[in-house]
Amino acid sequence: METAYRTCPLCEAVCGLAITIDGRVTDVRGDRDDPFSKGYVCPKGATLGRLDEDPDRLQAPLVRGDGEWHTVSWAEAFAAVEEGLSRIPGPERAIYLGNPNAHTMAGALYGAPLIRALGTRNVFSASTADQMPKHVSCGLMFGHPLTIPVPDLDRTGYLLMLGANPLESNGSLCTAPDFPGRLKALRRRGGRFVVVDPRRTRTAALADEHVFIRPGADAYLLAGIVHTLFAEDLVTVTVPANGLAEVAEAIRPFSPDACASACGVPAEVIVRLARELAAAPTAAVYARIGTCTAEFGTLAQWLVDVINALTGNLDRPGGAMFPRPATEAPANPSRRRKPYRTGRWHSRVRGLPEANGELPVATLADEIETPGDGRVRALITVAGNPVLSTPNGTRLDRALGELEFMVSVDPYLNETTRHADVILPPPRILQSGHYDFALLGFAVRNYARYSPPVLPLDGRPSEAEILARLAMIASGQGADADPALLDELILDQMLRVHGGHPAELRASLEGANGAELRLDAMLRLGPYGEWNGGDLSLPTLLRHPHGIDLGPLEPRLPGNLSTASGLVELAPAPLLDDLVRLRGGLERRTPEFVLIGRRHLRSNNSWLHNMGSLVGGSNRCTLQINPADVARLGLSDKALVRSAAGELAVPLEPTDSIMPGVVSLPHGWGHDGTPQAVAARNAGVNVNALTDETVVDPLSGNAVFNGVPVIITPV
Ligand SMILES: Nc1nc2c(c(=O)[nH]1)N[C@H]1C(S)=C(S)[C@@H](COP(=O)(O)OP(=O)(O)OC[C@H]3O[C@@H](n4cnc5c(=O)[nH]c(N)nc54)[C@H](O)[C@@H]3O)O[C@H]1N2
Ligand SMILES: Nc1nc2c(c(=O)[nH]1)N[C@H]1C(S)=C(S)[C@@H](COP(=O)(O)OP(=O)(O)OC[C@H]3O[C@@H](n4cnc5c(=O)[nH]c(N)nc54)[C@H](O)[C@@H]3O)O[C@H]1N2
Ligand code: SF4
Ligand SMILES: [Mo]
């Protein structure tokens, strides 16, 4: 019997787990000695053993031939990939990177080299179904799309939260294990907590105040707050910034009265929220998925940080602060500062702008279906299920069938991977090392933890090796090329930037494989690193299996800015231009019904529905609807929901926790054509049969899942 300590890879809260293994996993608890999560665990984390041992996970690669799946050796699988991929030139290849890439070491370390090797601009990911608006607004304001401030949860005196439900999701773009406990602590220390959501969620129930808002209209509420701050002379900018006068001018049309009718929040509430934010000793505004996957997504994200700046709360303890993760790359002072911009190229069919090197996933089906030069003929998916997770997934489902070649790196045969010619399953979670390169950059305390593999690989390649091999195949080096060469190349580049002798530095690195060596190099070069006056390295983390606390967040401006001006840009031109669109919406009629999403604690997008202990109870695919609407429309237990994209018959869950005129359906359901037995029995419907791929937030290209106009009729 052995206890392994490792980070839960399932959501952004990065909880430390203590896993008891006796041949198989016999127990999973929160790791009480983890200085960040302090023993917290949720029902999903507690099921990690079951998930890891799920008999429906693929153990070996599959190749499709004559309409059937054949289990093949790894050598055969990579040879099949080489054969298929070499037929399709780079510009006609595409890649889709799904959400778990934000959690796996493979995704963090080998995603970018794989993209480069493919030689294509057809790069798609779950980011444009999720947080791209935040990247774009932060890129424009702070110079880099990953320079994202997070609410200083443990010290703030006032938290205004919009479109997030951390009591179910455990938080996002704000890494905070035991988010619920931290919110309770905020109230215990006398702070105030306000939630804005079209549903009275479990998070709202915990708050001092819950404000209902019309879906998709957060930008109006936020604009009304900014307007009030200026109108009542409540502005105190304490960070070096450009553009204050421009914001004041541009926000003029957005009086609280005008905004109130557009967002459904009374003008006096808008004004009061502005006054409270300005008067609070410290305050932070935090907005998440409900405000991102909306037609004014980027504007809303921008206004959030404008309010944080105008109230003097940007970059101060208790406000919105910038984490300093242990693997942050050292600044390169010789690099010329260029303004961040999007639209460096555009998608072929709809002419949608690139953002962060990606095209909107809402146009992936267009690129596959539309004939002509540059049509996408081959697709690689890594850790994604876009048939269930992207707008009009039904259409994408059909489009995937038209591809000439598709490879999926995924542990499951599911709605998306069933279209692949080759499926390459990553090893089990306990066979994989874990370091949260992405999520620790959004943590509410600086912290680092590495979890080495608990179980040996028994002949299977790690996911890092799978992606490295795909990169080498894509770049023409062949299925037999040594993936270690790729790591050495990348290491050499990193060590050269540091100065000194790359060969000597390389010789002092430690690690059992390429991923560990690269982690070691990043830690040593990073802000707490051994080569930077600190003591962090991979060996240090291995000696601290519960993780290391690196202290509370500290002010970082202006040092961490990469804007051309060296200042915070409060009024980037693309955002001011987009305010014109927002203004145009002030007088728009609202549809009779709009659809929004939701998450359940025991779910995780599309892929935890095969765990019997997690499905059922409240975790069901039902349409939440206000009882008054049920009565008015004469509905019984089911209704037909129609949108511009499609229609679904769905079971109803009447509840007065949702606003009249708003209905909610969770995503990730609609299981079909998957051998996952439990998921198939609890199939549900695919909400993304209703969401409309033709509507995106124009600045970021992000999908619009909230505020989708629908018509509801009895079945
Ligand atoms: N209507 C609506 N749609 C939404 C949302 C919404 O709120 N409403 N939310 C959006 C959001 S925020 C997101 S992030 C996207 C998610 O979109 P996707 O990332 O496309 O979907 P997931 O369901 O997360 O799919 C994850 C896939 O990764 C596989 N997987 C799990 N672990 C691993 C691993 O370690 N390695 C590999 N290679 N594969 C693994 C799973 O089997 C699954 O197939 O969905 C979006 N879609
Ligand atoms: N249990 C569980 N945890 C998860 C996931 C999961 O699927 N299940 N997915 C993970 C992923 S990929 C992500 S990105 C995060 C997301 O984490 P969160 O952002 O916390 O996501 P949700 O829990 O969906 O909460 C979004 C809230 O926005 C509300 N909302 C909808 N439309 C609007 C609107 O127009 N305005 C406002 N103000 N609110 C609106 C919804 O009612 C909902 O309560 O969760 C992660 N954690
Ligand atoms: S909150 Fe997230 S990280 Fe923590 S145990 Fe649950 S799923 Fe894992
Ligand atoms: Mo997400």
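Predicted model: local features only at pLDDT ≥ 70, side-chain atom pairs only at ≥ 80, totals over all residues.
A polar contact is a pair of N or O atoms within 3.5 Å, and within protein one of them must be able to donate a hydrogen and the other to accept it. Ligand 2 lies between domain 3 (132-323 + 565-583) and domain 4 (591-714), because both give residues to its shell.

**Around ligand 2**
- The shell counts 31 residues, and Ser169, Asp197, Gly216, Asp218 and Asn605 come nearest to the ligand.
- Sorted by class, these shell residues are 9 nonpolar, 14 polar and 8 charged.
- Two helices, α6 (166-169) and α13 (289-292), each supply at least two residues of the shell.

**Polar atoms facing nitrogen atoms of ligand 2**
- Ser603 brings a backbone N or O atom to 2.8 Å from a nitrogen atom of ligand 2.
- Arg599 places a polar side-chain atom 2.9 Å from a nitrogen atom of ligand 2.
- For Asn706, a polar side-chain atom lies 3.5 Å from a nitrogen atom of the ligand.
- On its own, ligand 2 has 920 Å² of accessible area, and the protein covers 98% of that.

**A look at Asn165**
- You will find Asn165 in the loop between β9 (158-162) and α6.
- Its relative accessibility is 11%, so Asn165 counts as buried, the cut-off being under 20%.
- The side chain of Asn165 makes a polar contact with the side chain of Thr203, at 2.5 Å.
- Leaving aside residues up to four places away in sequence, Asn165 touches Arg199, Thr201, Arg202 and Thr203.

Note on methods. Residues numbered from 1 in each chain as written. Chains lettered and ligands numbered in written order. Heavy atoms only, no water. Near = heavy atom within 4 Å. Areas by Shrake-Rupley, 256 points an atom, 1.4 Å probe, with all protein chains shown as cover. Helix = DSSP H or I, 4+ residues; strand = E, 2+ residues; numbered from the N terminus. Nonpolar A, V, L, I, M, F, W, Y, C, P; charged D, E, K, R; others polar. Domains from an automatic or database assignment. Buried < 20%, exposed > 50% of the residue type's maximum accessible area, 1.4 Å probe, protein only. Contact = heavy atoms within 4.5 Å.
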